[in-house]
Every structure is written in C-alpha cells, then in structure tokens.
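Subject: Structure handover

Hello,

Here is the structure for your files. My notes follow below it.

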Amino acid sequence: MYVRRVLSTALLLLGIAAAPAAADSSPSASPSGDSAPPTQAGTSFRTATEIEQGQQATASGSTGDYLYWSFPADAGQRPTVKATVKLPEASTRHAGQTWQLDVYDGLRRRQACQYGAQTRTAAQDAASVELACTLRTVRSWSETWANDPLPGTYYVRLTVTGLQASDLGLPVGAEVKVDSKDIGGAAAVDGSLAKPLVPGIATSAGKSDSDSDSGSSTAALSSLEPDDGWASGWWSDRWVWTAIGGILAALAGIGGYALTRGSGRPSRVPPGA
C-alpha cells in the first residue's frame, strides 16, 4: 500500500513537470496579425527590411540587385529561410541564371546552412527558382572564437551570382519567408549573452538619463524581437528530465529498501534476544 501511494505521487509529479514542457513545445514565433507583410527589400545591411518569423515578404527588383531582409532569432530556435525568385520572361533572357541565398548573424558573419539548396541555377526557360537554408540551432552563448549562431538579428541576402551581362536589369520578383523549429533543451548550453546581437542595442542601452531629458533620441536600427522577448525560453525540457531522474532515483531507493528490509523480527525470537 505504501509503495502504491509513492508510485501515485511520482506519476502526479511527472505530469506536473511535463505540463510546462508541453506548453513550451509550441512554435516560439508567430506572425503578427496587426502588421502587414513587407512588400519591398533593402539594398544593404543597414537598410534591410525587417520581417517577422512566419511572415511572407515580397519584393520587386532588377536582376543584379542585392535584396536584404532581417529577422529576429532567439536561443533554442533553428531558423529556416525559404526564398522564391520569379524570373523574367524566358523570351527576354539569353541564358540560365544562378541565384544564391546567404544568411548573416548580428555580427554580419556568414552562417553556414545545415541543409537546403542555398545556390541554384535556373534554366533559360524556367519561370522561377526556389532556395532554402536551414541554419544551425541558435545558442544562448558561445566562445568568442567560434562562429556559432547567437541570439539577435539575422540578415538574409538574395542575389544573382551568375548570368550574362545582357540579362542585367531585367525585372524580377522575390518572396521570402522565415520559420523556426524550437529545439528545446537538447541545444541548451550554460551561459548567456548580456545583450542580443541587435544593431543599435548597445547605444540604446548606454543612453543616459540626461540624453532623454534633453529630448535627443538614439535610433535603433532593429525594432523586432521574439513574441515573448529575448531569452524568454528560460524553461526547457532539461528541467523535466532532471526531475524525472530524481524521481526515478527516489523510487529505486524505496524499492531497494522494500526488498531488503525483510518481514521483521521472527515470532519465535523473544524481544530481549
């Protein structure tokens, strides 16, 4: 009876511990219903158009232009960037075109793609070309010499890398969308950044009260952040597995004690013996 009561309590504790993890397993970024998707792209890092995860941004440009977008990514997320380029009419082109999708972090370091077609060559008669890049999981902290993805702003650059000079300037259209998968505690590390790698955040954080009183303002180059704020995912399933390990260890100790304690003093042995 005692062991049954202990097992019931352990199962109840496991359910309580697993509930926050189930709630946290939902997508960490969702498109905002109030803001319309952007319909243009920037031409440099500083003018990159901000997009939210889950939004499909569109833009028009010319063949040979550099198109830039930026999006926020927090620790524990594995972003996937997908782009579709609508090519000019086949009758106006003279050869195939090679398009490339690059992703940079907040320090403007080019990030390698875990998988996905980052570069593709479209035939002369192709109507469009699709590109994709899945980054490594964003870490909350990393060594200074490493090139690991860190929380902050990420930049998407889309451009053509191979075409005939006679095809320069032809009109093209582009669609870009960013989604993330929440990896959870499997990618958790000890340590965190003091501030996310967001352009302008250091200047904004260092602004004094006298600057605010004087009416001067510091322009932030990036205004988007995750829905729940930066480093909001303090909870991870590592807490669940730690709790499970502790409960299993306690159950193992109780079971061992129940097996080795015996049935008590034999009836034939007098109490004073």
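In which loop is Asp105 found? Asp105 sits in the loop between strand S5 (97-104) and strand S6 (113-115). Helices (H or I, at least four residues) and strands (E, at least two) are DSSP runs, numbered from the N terminus.

Before the details, two notes on the source. This is a predicted model, in which local features need pLDDT of at least 70 and side-chain atom pairs count only at pLDDT 80 or more, while totals for chains, interfaces and linings use all residues. Residues are numbered from 1 along each chain as its sequence is written, and side-chain values use heavy atoms, with hydrogens and water left out.

Is Asp105 buried or exposed? Asp105 counts as buried because its relative accessibility is 0%; buried means under 20% relative accessible area, exposed over 50%, and partly exposed in between (1.4 Å probe, protein chains only). A polar atom of the Asp105 side chain lies 3.0 Å from the backbone nitrogen of Leu107. The Asp105 side chain also makes a polar contact with the side chain of Gln111, at 3.2 Å. A polar contact here is a pair of N or O atoms within 3.5 Å; within protein, one must be able to donate a hydrogen and the other to accept it, and residues adjacent in sequence count only if both atoms are side-chain atoms. Leaving aside residues up to four places away in sequence, Asp105 touches Gln111, Thr153, Tyr154 and Tyr155, where contact means heavy atoms within 4.5 Å.

Arg108 is found in the loop between S5 and S6. Its phi is near 60°, a positive value in a residue other than glycine. Arg108 is partly exposed, with a relative accessible area of 43%.

Salt bridges

How many salt bridges does a search of the whole structure find? The search finds six, a salt bridge being a side-chain nitrogen of Lys or Arg within 4 Å of a carboxyl oxygen of Asp or Glu. Asp102, Arg110 and Arg157 are linked in a network of them. Within it, the side chains of Arg110 and Asp102 meet at 3.1 Å, N to O. Arg110 is partly exposed at 40% relative accessible area, whereas Asp102 is buried at 1%. Asp102 also forms a salt bridge with Arg157, with the closest N and O atoms 3.2 Å apart. Asp102 lies in strand S5 and Arg157 in strand S9 (residues 152-162), so this pair ties together parts that are 55 residues apart in sequence. Arg157 is buried, with a relative accessible area of 19%.

Another salt bridge joins Arg136 and Asp148, whose closest N and O atoms are 3.5 Å apart. Both residues lie in the loop between strand S8 (128-135) and S9, so the pair ties together parts that are 12 residues apart in sequence. Arg136 counts as partly exposed at 27% relative accessibility, and Asp148 as buried at 18%.

Nonpolar cores

A nonpolar core is a set of buried Ala, Val, Leu, Ile, Met, Phe, Trp, Tyr and Cys residues joined through side-chain atoms within 4.5 Å. The largest one has 29 residues, of which Trp69, Phe71, Val81, Trp99, Leu101 and Leu158 touch the most other members. Two or more residues of this core come from each of strand S2 (56-62), strand S3 (67-73), strand S4 (77-86), S5, S8, S9 and strand S10 (171-182). A second, separate core of five residues includes Ala48, Tyr68, Tyr104 and Tyr155. Not counting residues up to four places away in sequence, the contacts of Trp99 include Val85, Leu131, Leu158 and Val172.

Sheet and overall layout

An open sheet of five strands has the order S1-S3-S9-S5-S7, with mixed pairing. Its edge strands, strand S1 (49-50) and strand S7 (119-122), each pair on one side only. Two strands pair if DSSP finds at least two bridges between them. S3 and S9 pair in the antiparallel sense over seven bridges, and the bridge partner of Phe71 in S9 is Tyr154.

The protein has four helices and 10 strands, running α-β-β-β-β-β-β-β-β-β-β-α-α-α from the N terminus on. Of its 273 residues, 35% count as buried. Among contacts with a separation of 6 or more, residues 24 or more positions apart account for 73%.

Regards
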